[in-house]
Amino acid sequence: MDWDWVNITDYFYRIKWVDIGIALAIFLLFHIFRKVFTRYIFKLIVRFSKKTPTDIFTNVLLAFEKPLRTFFIIVGTYVALIYLPVRPDVMLTLEKVYGSSIILLVGWGLYNFTAENSSLFMRMFNHIDEDEEKSMLIPFLSKGLRFLVIALTLTIVLGVWDIQITGLVAGLGLGGLAFALAAQDTVSNFFGGVIIITEKPFQKGDWIETPTVTGVVEDITFRSTKIRTFADSVVTVPNSTLANEPITNWAQMGKRRITFSLGVTYSTPKEKLETVARKIEKALREHEEVHQDLILVRFSEFNSSSLDIFIYFFTNTIMWGEWLRVKEDINFTIMRILEEEGVSVAFPSRSLYIEKPDTGHTLLQNEDKSNEA
């Protein structure tokens, strides 16, 4: 039967003033208990919960504080209406309304509990020391869980109202498929960012080198990474590209290598060559900014126009400017040693043999008059 003015008049005629008074008293009683609970009992429970070894229970209580306040109003209204002579069909609708309200309150509390500052994430990532990594992971997971809470809450509420969601889910599935096909690059960049954040091949401030770019990492997001090159330009690289490339992280070096070959002239006596090699090795051993674990100074090759001394060592610093300064100092030391021993650095030379037709003798001429630098 539809509601009309006759039915409404008949309904209010059948309600007794005593029933209305009792219903209002029930509602006021729940309202008073709500104030007492939130001001005293709830605060007392929270105070005791803070003494427990874990703070998860405290965070759950705080997340459900506002839903609990609303809960007493809803329950008080529902109990008050039950006391009144309500038609069965209307009561069935009211039950669905209040059932949906309780479900929404639970979803509200869970939504609050999955906030970014929740202890759920703090305990999950308490082993991570990098604040930057936390600032990227926690908002992402918080938004994902909140979306899941909202979706489940709405699904349950629709089920209470006997609304079939099969067609809706199928439509969303087709729409999601179309959206996924259109946003493949975005999705791949997103998961590339997840890989970079979780595996940590580099972090902000690191000097990295890839087949795509070389420079210092300035910012890492879930879509892309900004790298400042040594030409002082900023290159934004999609995370999907970085996640599929070999990455050399030079910032993780404990020391930085210097290696080269020093070529001296063939006219250098064996004793001089050996003395130069030993003096260079001694200078490296005594240098404060040279790493002492591995130092190699050896006469290595008879080259086409020089006798080569192989020099291999590491510096303590990995900073490019400091590394260049140490390398310069070592080079000056090597020049001083060569000057002290009277040994010259060789330069490429070539000998040309010319045969005289009238004598049959061979004349040796050097294109370069001297083999000394």
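**Sheets and helix packing in the predicted model**

Isoleucine 311 in strand S8 is the bridge partner of valine 297. The model is predicted, so that local features require pLDDT of at least 70 and side-chain atom pairs pLDDT 80 or more, while totals for chains, interfaces and linings use all residues. Residues are numbered from 1 along each chain as its sequence is written, and side-chain values use heavy atoms, with hydrogens and water left out.

The protein contains 12 helices and 10 strands (DSSP runs numbered from the N terminus; helices are H or I of at least four residues, strands E of at least two). Of its 373 residues, 31% are buried (under 20% relative accessible area; exposed is over 50% and partly exposed lies in between, with a 1.4 Å probe and protein chains only). The accessible surface amounts to about 24,000 Å², and carbon and sulfur atoms account for 62% of this area (Shrake-Rupley method, 1.4 Å probe; for residues, only the protein chains shown count as cover). Among contacts (heavy atoms within 4.5 Å) between residues at least 6 apart in sequence, 62% link residues at least 24 apart.

Strand S8 belongs to an open sheet of 3 strands, ordered S6-S8-S7 with antiparallel pairing (two strands pair if DSSP finds at least two bridges between them). S6 and S7 are the edge strands, each pairing on one side only. Neighbouring strands of this sheet are turned by 15° against each other on average, direction ignored (axes are lines fitted to C-alpha atoms, for helices over the stretch in contact, and angles run from 0 to 180 degrees between N-to-C directions). Helix H11 (residues 270–286) packs on the sheet and touches S6, S7 and S8, its direction making about 165° with that of S7. Helix H12 (residues 320–341) also packs on the sheet, in contact with S6, S7 and S8, and its direction makes about 25° with that of S6.

Within this sheet, strand S6 (residues 256–264) is joined to S8 by 9 bridges in the antiparallel sense; leucine 262 is paired with isoleucine 309 of S8. Strand S7 (residues 290–302) is joined to S8 by 8 bridges, again antiparallel, and a hairpin of 4 residues connects S7 to S8. Phenylalanine 302 has leucine 307 of S8 as its bridge partner, and histidine 291 stands opposite phenylalanine 314 of S8. Strand S8 (residues 307–315) has 8 of its 9 residues buried and is therefore largely enclosed by the rest of the structure.

A further open sheet comprises 5 strands in the order S4-S3-S2-S1-S5, with antiparallel pairing. Its edges are strand S4 (234–238) and strand S5 (248–249); each has a single partner strand, so one side of each is left without a neighbour in the sheet. Strand S2 (residues 214–220) and strand S3 (residues 224–229) are paired antiparallel over 5 bridges.

Threonine 248 lies in S5 and is partly exposed, at a relative accessible area of 34%. Its contacts, leaving aside neighbours within four places in sequence, are Trp207, Ile208 and Glu209. Threonine 248 and tryptophan 207 are separated by 41 residues in sequence, and their C-alpha atoms lie 8.5 Å apart.

Asparagine 239 is part of helix H10 (residues 239–243). This residue has 0% relative accessibility and so counts as buried. Residues up to four places away in sequence not being counted, asparagine 239 touches Asn189, Gly192, Gly193, Ile196, Thr221, Phe222, Arg223, Ser224 and Thr225.

Helix H5 (residues 88–113) has 26 residues, which at 1.5 Å a residue should span 38 Å; the end C-alpha atoms are 37 Å apart, in agreement (the expected span is 1.5 Å times one less than the number of residues). Buried residues in H5 are Met91, Leu94, Tyr98, Ser100, Ser101, Leu105, Gly107, Gly109 and Phe113. Helix H4 (residues 65–83) packs with H5 at an angle of about 170°, the axes being 10 Å apart. The two helices H4 and H5 are therefore roughly antiparallel (angles over 145 degrees; under 35 is roughly parallel, 65 to 115 roughly perpendicular and the rest oblique). On the H4 side, the residues that meet H5 include Phe71, Ile74, Tyr78 and Leu81; on the H5 side, those that meet H4 include Met91, Leu94, Tyr98, Ser101 and Leu105.
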